Amino acid sequence: MSDRDFSRTMGGLPDEGLIRIAYAQQDDGYLPEAISAAKAELDRRNVSSDEITQTMDVVEIERMSENDRDKMPLSNGQWLCFVIFGPLTVTMFVTPVFLFRGETRKFKEAWLAIFTGYIAWAMLVAIIALVAIGIFG
């Protein structure tokens, strides 16, 4: 792609997209020509340094959350859902989604919650059976 093509492409992007490209990290994979074209377009548009700073703060927060994704625990609601609905086969097909998204802790905790659900449901069935045959009542 030529410098002129990059300039045309950058001209069609919103300010936020240009900022993301112009101030990208090396591992983001942008070509130096694309970065130069994005910076030139930002200059042409007179984008304020405040807007650039705000956008870069958002980008940094997104990067941090992506890096910490593998350490995020299940929420209380997720735990409850996996415990209650754990014995249903469909929940077992939901857990790999966590793994595919890089959320290894959630994946492990989901399986623990499913196992806990099996135990809870087994105890509930046992208690109901015992009550039905008159042991407790």
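## Ile 61 and the basis of the model

Ile 61 is exposed, with a relative accessible area of 54%; exposed denotes over 50% relative accessible area, buried under 20%, and partly exposed the range in between, with a 1.4 Å probe and protein chains only. The place of Ile 61 is in helix H4. Between the C-alpha atoms of Ile 61 and Phe 115 there are 34 Å in space, and the two residues are 54 apart in sequence.

The model is predicted, so that local features require pLDDT of at least 70 and side-chain atom pairs count only at pLDDT 80 or more, whereas totals for chains, interfaces and linings use all residues. Residues are numbered from 1 along each chain as its sequence is written, and side-chain values use heavy atoms, with hydrogens and water left out.

## Overall architecture

The protein chain contains seven helices and zero strands. These elements are DSSP runs numbered from the N terminus, helices being H or I of at least four residues and strands E of at least two.

Along the principal axes, the C-alpha atoms fill a box of roughly 85 × 30 × 20 Å. Of the contacts between residues at least 6 apart in sequence, 65% join residues at least 24 apart; a contact requires heavy atoms within 4.5 Å.

## Surface and charge

Buried residues account for 23% of the 137 residues in the protein chain. The chain exposes about 9500 Å², and carbon and sulfur atoms supply 63% of this area. Accessible areas come from the Shrake-Rupley method with a 1.4 Å probe, and for residues only the protein chains shown count as cover.

The protein chain has 13 positive and 19 negative charges, whose mean positions are 5 Å apart. Lys and Arg count as positive and Asp and Glu as negative, while His and the chain ends are not counted. Each charge is placed at NZ of Lys, CZ of Arg, CG of Asp or CD of Glu.

## Nonpolar cores

The largest nonpolar core comprises 12 residues, among them Phe 6, Met 10, Leu 18, Ala 38, Val 47 and Ile 52. Helix H1 (3-11), helix H2 (15-22) and H3 each give two or more residues to this core. A second, separate core has six residues, including Leu 74, Phe 82, Phe 98 and Ala 110. Such a core is a set of buried Ala, Val, Leu, Ile, Met, Phe, Trp, Tyr and Cys residues joined through side-chain atoms within 4.5 Å.

Neighbours within four places in sequence aside, Met 10 is in contact with Leu 18, Ile 21, Ala 34, Ala 37, Ala 38, Glu 41 and Arg 45. Ile 52, also a member of the largest core, is found in helix H4 (residues 49-67). Ile 52 counts as buried because its relative accessibility is 14%. With residues up to four places away in sequence not counted, Ile 52 touches Ile 19, Tyr 23 and Val 47. Ile 52 and Tyr 23 are 29 residues apart in sequence, and their C-alpha atoms are 9.0 Å apart in space.

Glu 41 lies in helix H3 (residues 32-45). At 8% relative accessibility, this glutamate counts as buried. Apart from residues up to four places away in sequence, Glu 41 touches Met 10, Gly 11 and Leu 18.

Asn 46 lies in the loop between H3 and H4. Its relative accessible area is 68%, and Asn 46 is therefore exposed. Although not a glycine, Asn 46 has a positive phi of about 60°. Most residues other than glycine have a negative phi.

## Helix H6

Thr 91 lies in helix H6 (residues 89-100) and is buried, with a relative accessible area of 7%. Residues up to four places away in sequence not being counted, Thr 91 touches Phe 82, Phe 85, Gly 86 and Ile 114. Thr 91 and Leu 80 are 11 residues apart in sequence and 12 Å apart in space, C-alpha to C-alpha.

Pro 96 also has its place in helix H6. At a relative accessible area of 27%, Pro 96 is partly exposed. A separation of 36 Å lies between the C-alpha atoms of Pro 96 and Ala 34, which are 62 residues apart along the chain.
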